[in-house]
Amino acid sequence: MGEPIRVLVTGAAGQIAYSLLYSIAKGDVFGKEQPLILVLLDITPMMTVLEGVVMELQDCALPLLREVIPTDKEEVAFKDLDIAILVGSMPRREGMERKDLLKANVKIFKSQGAALDKYAKKTVKVVVVGNPANTNCLIASKSAPSIPKENFSCLTRLDHNRAKSQIALKLGVTANDVKNVIIWGNHSSTQYPDVNHAKVNVKGKEVGVYEAIKDDSWLKGDFILTVQQRGAAVIKARKLSSAMSAAKAICDHVRDIWFGTPAGEFVSMGVISDGNSYGVPEDLLYSFPVVIKDKTWKFVEGLPINDFSREKMDLTAKELAEEKETAVEFLSSA
């Protein structure tokens, strides 16, 4: 067993964290040989609830978990981190304008970005989950100038997994038989789930998804809508937002950063758009297909983009540019 790594989860008393912490602590993300120190940050009114989470983690009697540190102080939470998983954010309340939501979150992620800059390792990997995830991630990165922009990513793996699963369900195969779906853009209802480059294993033979499904109108219509609106559908049914599936997607995302992507496969994550070859404006936190090796991601290059895709990719970029503009205005006053 090597040295323990320090992993922060924010919003640690919340329901996504409740599904996430056990998976991390038992070795599903960083491997069965990697000891961990878990740092749990939440707001002061949640500290009693957080104590209960700490008790439960202790009661799991997990061999990899060396220490659990609950805190409501950023200087404690962000110290010497290897990984920061920023789940906590201001949730959207009924009747709340998206602008109000952005303003509240700019304040949180400016503060957390500054704390990363001041206290965390410069090699820290930062994953933003709290919504609006792309813009929150951009604000955190801009507030941490001494940490490379490439170290920041936001979660679109849940959307990626949703797309993969819809294709698998339609064809009666397992999700593992489907690879290289893409989520382009914002983690919002403008995201573009793209299966033009996806492959599916049907009876031992790898074929394109369009060829396998033979139903273009479904792929260009209901499939896209289902993935875009899946989060809302879960809330409508459960009266709570996706937690189990969100936690699983976070595990997938962080594991791939840590260990790399399998040969011949790419995944979706929100990353800084600088230097992309897909005509997405610079300085946006936009979801792209990436491959990861040695804890470093690269854009998947050279995928042909048809007119249908282009329009959808531009639409979600436009939304992100507008969000960014609003957020940056708030940033100077936050």
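Reader: What makes a set of residues a nonpolar core, and which residues touch the most other members of the largest one?

Author: A nonpolar core is a set of buried Ala, Val, Leu, Ile, Met, Phe, Trp, Tyr and Cys residues joined through side-chain atoms within 4.5 Å. The largest such core here has 113 residues, of which F30, L40, I85 and L116 touch the most other members. Helix α11 (residues 244-259) gives the most to this core, namely eight residues. This is a predicted model, in which local features need pLDDT of at least 70 and side-chain atom pairs count only at pLDDT 80 or more, while totals for chains, interfaces and linings use all residues. Residues are numbered from 1 along each chain as its sequence is written, and side-chain values use heavy atoms, with hydrogens and water left out.

Reader: Which residues does L116 touch, apart from those up to four places away in sequence?

Author: Contact means heavy atoms within 4.5 Å, and with residues up to four places away in sequence not counted, L116 touches F78, L81, A84, V124, V126, I147 and F152.

Reader: Why is Q34 called buried?

Author: Buried means under 20% relative accessible area, exposed means over 50%, and partly exposed lies in between (1.4 Å probe, protein chains only). Q34 has a relative accessible area of 18%, and therefore it is buried. Q34 lies in the loop between α1 (15-25) and β2 (36-41), where helices (H or I, at least four residues) and strands (E, at least two) are DSSP runs numbered from the N terminus. Leaving out residues up to four places away in sequence, Q34 touches E3, P4, I5 and L64.

Reader: Why is T44 called exposed, and with which side chain does the side chain of T44 make a polar contact?

Author: T44 has 53% relative accessibility, so it counts as exposed. A polar contact is a pair of N or O atoms within 3.5 Å; within protein, one must be able to donate a hydrogen and the other to accept it, and residues adjacent in sequence count only if both atoms are side-chain atoms. At 3.0 Å, the side chain of T44 makes such a contact with the side chain of D72.

Reader: Which peptide bond is cis, and where is P132?

Author: The bond from N131 to P132 is cis, with omega near -10°, and P132 is in the loop between β5 (125-128) and α5 (133-142).

Reader: How do you know that β7 and β10 pair?

Author: Two strands pair if DSSP finds at least two bridges between them. Two bridges join β7 to β10 (residues 199-202), and the strands run antiparallel, so by that definition they pair. In this pairing K179 stands opposite K199 in β10. The open sheet of three strands has the order β7-β10-β11, and its edge strands, β7 (178-179) and β11 (205-208), each pair on one side only.
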